[in-house]
Amino acid sequence: ILLITGLAQSGKTRMAKAIKEILGVRQDGRLDLSVQQVEDGDKGLDAFWATVNDGKLEVFDNLDTKIKWVGDALQNVATDGQTKRRTLYTTFGVSILRANANIILTSNNPLFSTEGAGGMADRLISINLQTNRSTSMDTELSRDIAENRDRFMTWIVRTVAAAMIDTAPVDKSINRRHPDFGIFSVRCGRAFGDESAVVEALGAAEAEKCLLPPRDDAIARETL
């Protein structure tokens, strides 16, 4: 689960959509740049699991409001879990919905990060964006992505291929919660010739993750 945080106008939602554009996420034959809003109550939980069960890459936007079920549901998804929900228009029918989707969350104030058993923060890959003062239009970014997507995807495939045959040792403590992800990221950095930048980015992400729970506290948030 990727969490993109930042203040208003920092480009959180646009970054999430750009990732979908680059990866070519499609729905019914068309590029899918949709984002989902999370609702409170059982209706919102049912909608969340229906979306996650469908697979693909899903974006849940503006998770700033305290919603009771979000923390536990995200923890379930993060551990490749599943849930049982009553089948619509039946009395006793039960459907099993699975965590088939990859998830991006965007939030100005991720209140859900301390929810669920043990807290959610440690299960996230976190990126914090600063306020974006660029005057570039969304259409310009989309055009740039469309024009360069083939070259970029080729670069990704070559980088991943080189990382997969890299057997040189990597410090497993680079990401204690997701060591496989940390090791693979460092090997990707080696493949494109900037291992130190990847190590620095992973360290920054871990530091940012540590700040998520205090932001759930009003006094700590103001202090930070």
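Author: Here's a walk through the helix contact, then the charged pairs. This is a predicted model, so to speak of local features takes pLDDT of at least 70, side-chain atom pairs count only at pLDDT 80 or more, and totals for chains, interfaces and linings use all residues. Residues are numbered from 1 along each chain as its sequence is written, and side-chain values use heavy atoms, with hydrogens and water left out.

Helices α1 (residues 12–23) and α4 (residues 138–164) have axes that come within 9 Å and cross at roughly 35°; helices here are DSSP runs of H or I, at least four residues, and strands are E runs of at least two. Axes are lines fitted to C-alpha atoms over the stretch in contact, with angles from 0 to 180 degrees between N-to-C directions. On the α1 side, R14, A18, E21, I22 and L23 meet α4 residues, including L141, I145 and F152; contact means heavy atoms within 4.5 Å.

One of the α4 residues in that contact is D138, and its side chain meets R14 in a salt bridge at 3.3 Å, N to O. That term means a side-chain nitrogen of Lys or Arg within 4 Å of a carboxyl oxygen of Asp or Glu. The two partners sit 124 residues apart. R14 is buried at 16% relative accessible area, while D138 is partly exposed at 48%; buried is under 20%, exposed over 50%, partly exposed in between, with a 1.4 Å probe and protein chains only.

The structure holds seven salt bridges. Another joins K56 to D32, with the closest N and O atoms 3.1 Å apart, and K20, D32, K56 and E58 are linked in a network of them.
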